[in-house]
Amino acid sequence: MQRVKTIWKKGRKSYWIKASSLTLLNRLLVTGFGFLNFYVLIRLLPQADYGLWMLFVSVTTVIELIKAGFIRNPLIRFSLGRTSQKFSGSAASTAELSSPAVATAERSSRVEVLSASFLLNLLLTFLIAVLLLAFSGSLSLFWGYAGLQDLFSIYIITLFLLVPLHHFDYVQQANLSFKGSTLGEFTRQFTFFVCLMSFYLTQRPIDLVTLAFFQAVAVGFSSLASFFFARRYLTFTFRTTLPQVRTLFRYGKYTFGTSVSAMLMRNTDTWMLARMTSPLSVALYNPALRIANLLEIPALTLASVLFPKLSQQFAEKGQGSARYLYEKSVGTILCSVLPMALLVLVFAEPITVFIAGEDYIATAPVLRITVLYSFLLPFNRQFGVTLDAIGKAKINFLFVLRDALLNVVLNYIFITRYGLIGAAYGTATTYLIAVVANQVYLHKNLQVSLLRIFYYTASGYRKVYHTGLSVLQKKT
């Protein structure tokens with residue numbers, strides 16, 4: 001019995017180490033190449049064009065993350081722990097759970113889940129494409145730049161290329177495998193970077209339409225790379241039922257709504273700046289967001305790893321595992337974020353000039369405010385992951401919708417009064433209010449404690465200290 005426990009513990013640690021390492025690498029690739037692309041683009045494009053490209057990218061990022069919320073979470077949740085969920089209410093023996101009948105039923109159910117997920121993925125893509133064709137012109141007029149309509153037309157090609165890419169990635173994650181997603185993301189980012197560098201090194205001018213076309217090419221290559229690793233998990237059989245589609249849809253509609261609300265919240269400041277001021281303000285505001293995003297890598301890494309594991313443990317052990325995983329993950333993220341955030345707060349001006357150039361020195365005060373997000377985002381991000389994983393997607397959606405609406409009001413007030421930096425004030429205030437409300441809910445329903453979160457943060461620093469001390473002692 002002791003041997004079984006030891007093996008299980010090793011397997012659990014192995015999952016966290018492998019999954020976290022691969023997901024961290026994935027996030028580093030996305031953020032690293034995103035930063036390099038930003039560094040090149042900000043020097044290739046005039047400020048006005050760069051601001052317009054950021055508006056386009058913000059919309060397409062919202063679209064991709066909305067699709068992820070609708071497709072990824074239901075696929076993972078209903079693929080992991082299905083047998084244990086099915087038999088959890090009965091006194092099924094080990095022999096019954098491992099019988100051919102159960103194995104056949106689980107394989108059949110898995111085919112139905114994957115088929116239903118792919119169908120919903122395709123249908124949602126068609127719907128988004130139709131909406132883009134119908135409203136991209138109005139969106140272009142709203143921001144005062146007709147050329148955005150051409151960019152959205154090209155993006156429709158990218159949108160359909162994303163259907164297989166997302167399916168391959170989510171199927172792998174549902175099987176607790178992250179290698180293919182990492183390689184696929186590397187291929188996508190590297191391809192786009194190479195295209196940009198070909199113009200940067202030759203000093204040739206580049207237009208926004210060409211950039212949009214490069215995006216589609218990068219996604220195409222990424223799909224091929226991801227398929228290489230995903231093919232072992234694919235069924236290559238399409239068989240689903242209307243009840244199965246309804247099951248995924250009922251769960252997915254709330255995670256879809258959550259993704260919409262979350263992305264509206266993350267982009268409200270940029271969009272309102274563009275409407276209330278000009279695209280030039282967006283160009284000055286975006287470098288602060290880019291630099292602050294570097295501090296989100298730990299939170300994004302643990303969020304990607306935590307959701308499939310939480311879904312599995314919730315199916316096997318119930319709600320009791322949620323509190324520990326939430327507190328531990330938030331404490332760990334804060335431990336890694338705090339030193340970097342303090343560094344950026346102190347040296348905001350030289351960091352801004354080094355990264356974006358002298359023309360963007362006005363970004364430094366905004367950067368100091370956006371860096372404060374890094375203290376608050378881990379609480380909110382892991383809050384959403386936890387609620388989705390334990391089946392409370394509707395409650396998560398309502399909380400995020402509340403935050404999104406509040407952010408619109410606060411951004412309008414602060415931008416009207418303070419201009420560029422007002423967008424940062426409004427968003428920071430929204431995050432602060434959301435953290436307080438979310439912690440009250442978690443304490444009441446999951447007995448989450450802020451003291452335990454900060455204890456895990458302090459424990460992280462103690463481990464670093466003792467590790468460093470032992471290394472020095474060995475050397476001496």
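In the predicted model, 53% of the 476 residues of the protein chain count as buried. The secondary structure of the protein chain comprises 18 helices and zero strands. Among the contacts in the protein chain with a separation of 6 or more, 84% are accounted for by residues 24 or more positions apart. The protein chain exposes about 22,000 Å², and carbon and sulfur atoms supply 68% of this area.

Two packed helices are described by the angle between their axes and the distance between the axes. For helix 9 (residues 242-276) and helix 16 (residues 393-418), the axes come within 8 Å and cross at roughly 10°. Because angles under 35 degrees count as roughly parallel, helix 9 is roughly parallel to helix 16. Sorted by class, the residues in the contact of helix 9 with helix 16 are 15 nonpolar, nine polar and three charged.

The length of helix 16 was also examined. At 1.5 Å a residue, the 26 residues of helix 16 should span 38 Å, and the end C-alpha atoms of helix 16 are 36 Å apart, which agrees with that expectation. The buried residues of helix 16 are Ala393, Asn396, Phe399, Val400, Asp403, Ala404, Asn407, Leu410, Asn411 and Ile415, and the elements that cover them include helix 9, helix 15 (373-389) and helix 17 (420-446). Helix 16 is followed by Gly419, for which phi is positive, near 75°.

When residues up to four places away in sequence are not counted, Gly422 touches Phe414 and Ile415, and Ile415 is itself one of the buried residues of helix 16. The C-alpha atoms of Gly422 and Val366 are separated by 8.8 Å, although these two residues are 56 residues apart along the chain. Leu446, also placed in helix 17, has a relative accessible area of 6% and is therefore buried. Between the C-alpha atoms of Leu446 and Tyr324, which are 122 residues apart along the chain, the separation is 9.5 Å.

In helix 9, the position of Thr270 is likewise buried, with a relative accessible area of 8%. With its neighbours within four places in sequence left aside, Thr270 is in contact with Leu55, Val282, Tyr285 and Leu289.

Backbone geometry in the loops was examined as well. Most residues other than glycine have a negative phi. Gln203, in contrast, has a positive phi of about 60° although it is not a glycine; Gln203 lies in the loop between helix 7 (179-202) and helix 8 (208-230). With a relative accessible area of 62%, Gln203 is exposed, since the cut-off for exposure is over 50%. A positive phi of about 60° is found for Gln447 too, again a residue that is not a glycine, and Gln447 is located in the loop between helix 17 and helix 18 (450-475). The relative accessible area of Gln447 is 47%, so Gln447 is classed as partly exposed.

Definitions and conventions: Residues are numbered from 1 along each chain as its sequence is written. This is a predicted model: local features need pLDDT of at least 70, side-chain atom pairs count only at pLDDT 80 or more; totals for chains, interfaces and linings use all residues. Side-chain values use heavy atoms; hydrogens and water are left out. Axes are lines fitted to C-alpha atoms, for helices over the stretch in contact, and angles run from 0 to 180 degrees between N-to-C directions. Helices (H or I, at least four residues) and strands (E, at least two) are DSSP runs, numbered from the N terminus. Angles under 35 degrees count as roughly parallel, over 145 as roughly antiparallel, 65 to 115 as roughly perpendicular and the rest as oblique. Ala, Val, Leu, Ile, Met, Phe, Trp, Tyr, Cys and Pro count as nonpolar, Asp, Glu, Lys and Arg as charged, and the others, Gly among them, as polar. The expected span of a helix is 1.5 Å times one less than its number of residues. Buried means under 20% relative accessible area, exposed over 50%, partly exposed in between (1.4 Å probe, protein chains only). Contact means heavy atoms within 4.5 Å. Accessible areas come from the Shrake-Rupley method with a 1.4 Å probe; for residues, only the protein chains shown count as cover.
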